[in-house]
Amino acid sequence: MATVQTATTGNLGSIQRTVISQMRYTEEHNMPVVNLIEKFTLRKGEKQIDIPKADQMTASDLVDGVDMTDSQDIDATVVTATTAEVGLKVIITDKLARQFNQDVFGVVGRQMGDAMARKKDTDAIALFPSLNGGTTFGADNASLSYANASAAIANAKANKFGNPLFVVHHPNAVYNLSKDAAQVGTSGAQLPDAFAQAQVRSFYTGVRINQVPFFEDGNIEKISTTDSGYGVIAHKTALGHVSSQARRVERQRDASLRAVEMVITEDYGMFEVDDTKGAPLRYEIGDITTSA
C-alpha cells in the first residue's frame with residue numbers, strides 16, 4: 001500500500017515553527033523607529049483609536065485670601081488612528097518540506113521578518129517630514145555635523161519637545177557626525193536606560209550629545225533626486241504605532257502546485273500623535289567614499 005506524503009504531515013509543523021520563530025525575532029530587532037515610538041492597541045470591535053491632546057496650560061501667582069479669577073480652557077483636540085492590513089505569502093513545496101533543513105527555513109524566516117520590519121519602519125519614517133508643522137531642522141546639502149546636531153537638540157529642548165529625546169538618521173549622516181563627535185569625546189557614551197531595550201540597542205551609534213542618543217536606520221531614503229534624507233529628533237509621544245490584529249499565520253494547501261502557501265498578515269497603523277514633540281532632520285546621506 002502506497003503512503004502519500006503531503007506538506008501537511010511530517011515536518012510541516014516544525015517548518016512553520018522555525019520560520020515563524022525566526023521571522024518574529026528578525027522583525028522585532030530590525031525596525032528601530034517602531035521600537036522607539038509609542039504603542040497603542042485597538043480592542044476587539046473597535047475600528048479606530050481616539051487620542052485626546054490638550055494644549056499647554058499656565059499657572060498663575062495667587063494672593064492669600066483672594067479668590068482665583070484666571071481659568072483655563074482645556075482646548076483638547078483628538079487624534080484619530082486607524083489600521084490597515086499588511087502581509088506576505090511564502091510557498092513551501094512538498095519536496096522542500098520532505099527535505100526539511102532547519103537552516104534553510106531559518107533563512108526563509110529571516111527574509112520574511114526583514115520584509116515585515118522594513119514595511120513597518122518605512123511607514124513610520126514617512127511621518128517624519130510632517131512633524132513640527134513641517135518645519136525642518138537642517139537643509140539639503142547640509143551635513144549632520146556636531147554643531148548642527150547640537151543646534152537641533154537646543155531647538156528641540158527650547159521648544160519643549162519633551163524628555164527624553166532621541167535622534168534617528170541614516171548611517172551615512174551619522175558617519176559625518178561621528179567624525180566630529182570623536183574629537184569632542186561624545187562617542188562611546190552609554191545608552192540611557194530609557195532606550196536600553198534589546199530591540200534598539202544594536203542601532204545605537206555610541207554618540208550621545210546633551211543626553212540625547214543617536215540611532216541609525218538604513219531604511220531612510222534620499223529625497224527625490226537629492227543626496228539628503230529625513231531623519232528625526234523627537235520624544236516617543238510624537239509618533240504612534242497602533243495594532244488591531246497581531247501577527248496571524250495561516251496555511252492552505254494547493255494540490256496542483258504540490259505545495260503549501262503560508263500567509264502572514266498583520267493589521268496595524270503608523271500615525272502622528274503630537275507634531276509638537278518632534279521635528280524632521282534633513283541632512284546629507286549620500287554614499288561615503290572608502291578610498292580617500
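How many salt bridges does a search of the whole structure find? In this predicted model, the search returns 6 salt bridges. Three of them are listed below.

| Glu261 | Lys89 | 3.7 Å |

**Salt bridges across the chain**

Side chains of opposite charge can pair when their charged atoms come close. The salt bridge of Glu261 with Lys89 has an N to O distance of 3.7 Å. Glu261 belongs to strand E11 and Lys89 to strand E4 (residues 84-93), so this pair ties together parts that are 172 residues apart in sequence. Glu261 has a relative accessibility of 17% and counts as buried.

Because Asp94 lies in helix H3 (residues 94-98) and Arg253 in strand E10 (residues 239-254), the contact ties together parts 159 residues apart in sequence. The two partners are placed in these ways: Asp94 is buried at 7% relative accessibility, whereas Arg253 is partly exposed, with a relative accessible area of 32%.

Glu266 is buried at 6% relative accessible area, and Lys120 is buried at 3%. A network of salt bridges links Glu27, Lys120 and Glu266. Lys120 also lies over the face of Tyr268, 5.4 Å from the ring centre.

**Aromatic pairs**

The count of aromatic pairs comes to 5. One of them, Phe137 with Phe161, is stacked, with 6.3 Å centre to centre and 5 degrees between the planes. Phe137 is in strand E5 (residues 137-138) and Phe161 in the loop between helix H5 (146-158) and strand E6 (166-169), so the pair ties together parts 24 residues apart in sequence. Phe137 is buried at 12% relative accessibility, and Phe161 is buried at 1%.

Phe166 and Phe195 form an edge-to-face pair, 6.2 Å centre to centre with 75 degrees between the planes. Both residues are buried. Ring pairs link Phe166, Phe195, Tyr204 and Phe215 into a cluster.

**The surroundings of Asp274**

Asp274 sits in the loop between strand E11 (259-272) and strand E12 (278-284) and is buried, with a relative accessible area of 11%. Its side chain makes a polar contact of 2.6 Å with that of Thr276. Beyond its neighbours within four places in sequence, Asp274 contacts Lys53, Leu131, Thr237 and Ala238. Asp274 and Lys53 are 221 residues apart in sequence, yet 7.7 Å apart in space, C-alpha to C-alpha.

Key: Residues are numbered from 1 along each chain as its sequence is written. This is a predicted model: local features need pLDDT of at least 70, side-chain atom pairs count only at pLDDT 80 or more; totals for chains, interfaces and linings use all residues. Side-chain values use heavy atoms; hydrogens and water are left out. Rings of Phe, Tyr and Trp (its six-membered ring) pair if their centres lie within 6.5 Å; planes under 30 degrees apart count as stacked, over 60 as edge-to-face and the rest as tilted. Helices (H or I, at least four residues) and strands (E, at least two) are DSSP runs, numbered from the N terminus. Buried means under 20% relative accessible area, exposed over 50%, partly exposed in between (1.4 Å probe, protein chains only). A charge sits over a ring if NZ of Lys or CZ of Arg is within 6 Å of the ring centre and within 35 degrees of the ring normal. Contact means heavy atoms within 4.5 Å. A polar contact is a pair of N or O atoms within 3.5 Å; within protein, one must be able to donate a hydrogen and the other to accept it, and residues adjacent in sequence count only if both atoms are side-chain atoms. A salt bridge is a side-chain nitrogen of Lys or Arg within 4 Å of a carboxyl oxygen of Asp or Glu.
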